[in-house]
Amino acid sequence: MEKFSFKDVLVTFAGLFITSFIAWVLISATGNNPSEVAMYLYEGGFKGTRNIANSLYQATPLILTAVATLISFRVGMFNIGINGSMYVGALYAGWAGYKFTTLGHFTHVTVCILIGMAVGAAWMLLPALLRVYAGVSEIISTIILNFVAVLFVSYMANGPFRADPIAPSTARILETAELKQIFPNSQFNTGFFIAVFVAILAHFILNKTTFGYELRSGGDGLVGMYPSRFSSYLGIPSDRSAIIGMLISGALGGLAGAIEVLGAVRYFFQELEFNQGFDGILIGILGKLEPIGSIIASLFYGAIKNGGFYVDYKTDVSREIIIVLISVLIFFVSAQKMVKGLEKYPFIKKMDNFFSRKKM
Amino acid sequence: MEWIEIFDISIFRSLLRSTAPIAIVGMAAALCSAAGVLNIGLEGKMLNAAFAGVYASYTFESVWAGFTAGIIAGLLTAALFGLLSFTLGADEVLAGLAINIFSLAGTTYLMRTIFGQAGFFSDPRIVGFEPISISFLEGTFLQPFLSDFTYSIYLMFFIAISLHIMYYRTRLGTAIRATGENPEAAEDAGINTVRIKWLVTVFSGFLAGISGLFLSLENLTMFTEGMSAGKGYIGLVASSFGNNTPFGTFGASLFFGLGDAIGIRLQGVYELDSRLILMIPYALTVVVLILIGIRQRLRIRPVPISES
Amino acid sequence: MSKDSIIHLKNITKEYPGVVANKNVDFQVNKGEIHALVGENGAGKSTLMKILYGIEQPTQGEIFINGEKQIISKVESAINLGIGMVHQEFTLVPSFTAPENIGLGQEPKNNQGLIDWKGLNKLVVDIAEKYGFKVDPGLKMIDASVGVQQRTEILKTLYRNANILILDEPTAVLTPQETDELFTVIRTLVDEGKTVIFITHKLREVMEIADRVTVMRAGEVQGVSEIKNTSISELASQMVGREVFLQVKKDEAKPGEEILNVEDLWVHDARGLLAVKGINLSINKGEIVGVAGVEGNGQSEFVEALTGLRKTSQGSIKYLGEDIASSSPKNIRRKKIAHIPEDRTNTGLNTQLSIWENLIGNSYFRRPLSTRGIFNLKKIAEHSNKLKEDFDIRAPNISLKVKSLSGGNQQKVVVARELSEDPVLTIASQPTRGVDIGNIEAIHEQLVQMRDEGGAVLLVSAELDEVMAVADRVAVMYEGQIVKWVNPKEVDQAQMGLYMAGIKE
């Protein structure tokens, strides 16, 4: 993966600018006032402790799903099924949250999180094995499993795990299983620190350890590069790297779901809707498949997402506008030829060289 | 209830209805894959067409306005995919994925903002397609099998046959297959592979548009958030199972359609949880993926040493 | 200029960012001649022909066909001008038959506008007969031999009414006997009034078949001569810019104890066919054993089996007395067996990774580069920078992605890594492919040095000159078997040619 270069930053900002313009047009066209929307977007994202806390809360699962995405991409696999892992991870972490009644706080939270991660990882086992041992595209299988996950958790919340006779939901998790909320009137919880810790750990493992090197040796590009001849040639089993990468990716998706249930929602119910698994793909790309870049992109995305909720609440503009705009931004960032085309300008080339100087 | 009673004429009709959207978008996927384009973005094209169809039909109270708008939406989304992938050098998978996310959020946004509705939008003003009755079949035993379907059922057969002829009997068809199998060979023969890729992409937008319109303007006349529900992806699997050929894809789609039709039927017969029934097409997809994998593994069979 | 000049490329310059591939090149071909275009890899021959065939556009210069100025902006225009090209890498659609490939893009149509397959088959058979070829209209290219594929490619150009045929290194994949057949075809073509441009770096072939020859070096034309007025040594010195070509300085080998012993080895290829059929071979300390042969005769699978990348189906591979057949590449590597693979960009390197990440591929796990699984980036930088210097890898810094390096420098990264961990046995497969002449010499010297320091070396190469110059003993492989062991000093090229065609005596 190429490190951030000046031209990438330039394209991202130019994309942001153009995206804002498109937003302006889109909002005006549907009969709303763009400057009002912009104001609410800012207020909802950044103004006051509560909004900032909520922005950070929104960023929490995004950091994890973005890291889940980038790990799979960097081992050479295209995992699009993180949303599915998130659902099943949330369901089973919630189940563990009310099922184990005798554990202490720390143990209980740990057990719930580990179960969520294990289930999230297990969800990715089939696509990983299908890819490695039968050559079946993981892109399609993981996407299809997303649909299965939604129906599966909804079935479980309605059937076997249903506790409430009126609403299709599980029992509330016990207090011992809760991730603590810190600010009043905000769902911000200690899960945020877990997410940031995980991202930093991922950065360290990927770039500074032999294990990370072995994972990346067969991939490290945006395109699905598995199976890599290079890894097997060096004696690094690329099949194992690909499977481990997929499982870690799924586990982090499960962790994102577990934190949502343990830290914010506190029980699993049928209408609980996740799409952070998909947002994470966009954020991972925006963050150039680097964990630290993903933290930054997640914080940005979390803030405008929270701002989007505020806009939705205050005006007639629906919150989906945010995802629309981020995907438009992705159109710009992913346009490799456009980014490369910038190299022909001497100034940009010079700036690029200046910023890419390295110790090694 | 006897098993045999599940299989009657109505399941045949329900089979064709379940097959049509998958088969049509599947053939779009087959065409793209045959030319070497991995088109993940079909899902988004379907969704945009479904929404545009409902919007125009509602606004002009005309099904043909809806049809036109739906096709245009499909084509425009396809053009966006082509622009990103072929002109601007974006990774095909990423471009397709971004388009799908964009389309899901975009149609939801527009529905909520324009109609002020969440979840689904339905209105008596939306005009849908009426079934076509074939007069000369009336009264014959073929009528229940072949008459009184909506457009896309007939279109499905027409598309399959014309695509088959196009594949194997026209220069365009050989050019498409050559582009997918060995682009250098195609280029060397003077075929502009980028143009071929654009062409199949745009045409896939047309087909995905028809498939999307089937969802929102035939049988039910309504738009639901994310109503394509993975049919674009299932179409990709169908085309892969059918070796990217029109008839092969059609056959694979029939398999999906059959699962769907039996599921719907079983729901009426046994008291099954609707979610489990809804899972059938996806579960079938996973099964088909496993079958594809087994087939790929079986293709390689080592020659015994003693034979040489 | 002669008045029957059919092609004249005038003052052609082609610049890529940072490289000048062609510099003021003047290239002229007469009607009805066989014109050889010779030069080393990277001399600019391919670029020049790509310009003539409309694949690339010249930065500067003019093209005259039959005396008229033409702008060839795409392949189609070249085809319309009667130019046909047979690429080194065949451009055939594997699942298509010969007529389907030949007619591609210009199939005859019937009244309904549909392709007339029967008419096409007949047309193809007719053309083939006219030039003395045989063609099986039902045979898919995936099942066809290399020779048949090449003839299909030539027919393709004839079907499109080519008068000028460009053949890019057509003999590289052929046995000497197949080469003779090709030459007969070329002579028939010229008799029928066609003009042939023959790109090669094999001077013997030039002397045998060509009427005139243009020699290129480093993007420039070094000379144009009539064949009857020139000699191999003259052409060679024009081509390399100095008198000697492929002489490796080395002393007599002093073989020691046995390092590797392969006995009755059988290996299947990826399609499940038998690629290696009962090979016996041993390599001793302090010698270089060469494996010669036309590509595709099981050499790749043999090397993959030795290095653990492919399971063996039968037989034993004893390394220092221990059987390593079907052992994992990891186990084999840890026993100090180095491997320079034939496929550089996908196997030898991960071009997405940086230079240092590629350089530490066989050493990242050992101290001091890493301790308990954690990298010591400072030591890694030292190690990588030392290799960069020792092996003369030309790059501004080691954080650069390998994909931004030239082919020769990429190969140096592979060689540097593989020779860096004191290997006992070095397996080098096509180690100089796509590498420029200066670096070829350096790589040869490094292999000889490995030998002189007591290492054992297996050199597999399709370049006959290379094997003969570098190896101490040579095995000739044909259809999965070793057909002959030779002493490179005691055998001439003609004899080698027969062995490479599977003829033992």
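This is a predicted model: local features need pLDDT of at least 70, side-chain atom pairs count only at pLDDT 80 or more; totals for chains, interfaces and linings use all residues.
Some ground rules come first. Local features are given only at pLDDT of at least 70 and side-chain atom pairs count only at pLDDT 80 or more, while totals for chains, interfaces and linings use all residues. Residues are numbered from 1 along each chain as its sequence is written, and chains are lettered from A and ligands numbered from 1 in the order in which they are written.

**Chain A**

Let us start with chain A, which has 16 helices and zero strands. Here helices (H or I, at least four residues) and strands (E, at least two) are DSSP runs, numbered from the N terminus. The radius of gyration of chain A is 21 Å, which agrees with the value near 21 Å for a compact globule of 360 residues. That radius is taken over C-alpha atoms, and the globule rule is 2.2 Å times the number of residues to the power 0.38. Along the principal axes, the C-alpha atoms of chain A fill a box of roughly 70 × 60 × 35 Å.

Of the 360 residues in chain A, 59% are buried. A residue is buried if 20 or more other C-beta atoms lie within 10 Å of its own, exposed if 12 or fewer, and partly exposed in between, with C-beta atoms placed from the backbone. Among contacts in chain A with a separation of 6 or more, 78% join residues 24 or more positions apart. Two residues are in contact if their C-beta atoms, placed from the backbone, lie within 7 Å.

**Where the chains meet**

Chain B touches chain A through 41 residues, which are in contact with 41 residues of chain A. On the chain B side, α4 (92–115), α10 (231–241) and α12 (274–299) each supply at least two residues. The largest share comes from α12(B), with 15 residues.

Chain C in turn has 23 residues in contact with 21 residues of chain B. Its side of that contact draws at least two residues from each of α2 (75–80), β11 (258–268) and β12 (274–284) of chain C. The element that gives the most is α2(C), with three residues.

The table sorts the residues of both sides by kind.

One residue of chain B is worth a visit. Thr174(B) sits in helix α7 (residues 171–181) of chain B and counts as buried because it has 25 C-beta neighbours inside 10 Å. Leaving aside neighbours within four places in sequence, Thr174(B) is in contact with Glu100(C), Leu104(C) and Glu107(C). The C-alpha atoms of Thr174(B) and Ala186(B), twelve residues apart along the chain, are separated by 9.3 Å.

**Chain C and its sheet**

Chain C is divided into domain 1 (5–240) and domain 2 (258–336 + 422–500), with bounds from an automatic or database domain assignment. Taken over C-alpha atoms, the centres of the two domains are separated by 33 Å.

Six strands of chain C form an open sheet of mixed pairing, in the order β6-β7-β8-β3-β9-β10. Two strands pair if DSSP finds at least two bridges between them. The edge strands, each pairing on one side only, are β6 (83–86) and β10 (220–226) of chain C. From one strand to the next, the twist averages 15 degrees. Strand β9 (residues 212–217) of chain C pairs with β10(C) in the antiparallel sense over six bridges, and Arg217(C) stands opposite Glu220(C) in β10(C).

Helix α1 (residues 45–52) of chain C lies across β3 (34–38), β6, β7 (164–168), β8 (195–200) and β9 of chain C, at about 150 degrees to β7(C). Helix α5 (residues 146–159) of chain C also packs on the sheet, touching β6 and β7 of chain C, and makes about 170 degrees with β6(C). Axes are lines fitted to C-alpha atoms, for helices over the stretch in contact, and angles run from 0 to 180 degrees between N-to-C directions.

**Other strand pairs of chain C**

Strand β1 (residues 5–16) of chain C runs antiparallel to β2 (residues 19–30) of chain C, joined by eight bridges. β1(C) also pairs in the antiparallel sense with β4 (residues 60–65) of chain C, over five bridges. His8(C) stands opposite Gln28(C) in β2(C), and its bridge partner in β4(C) is Phe64(C).
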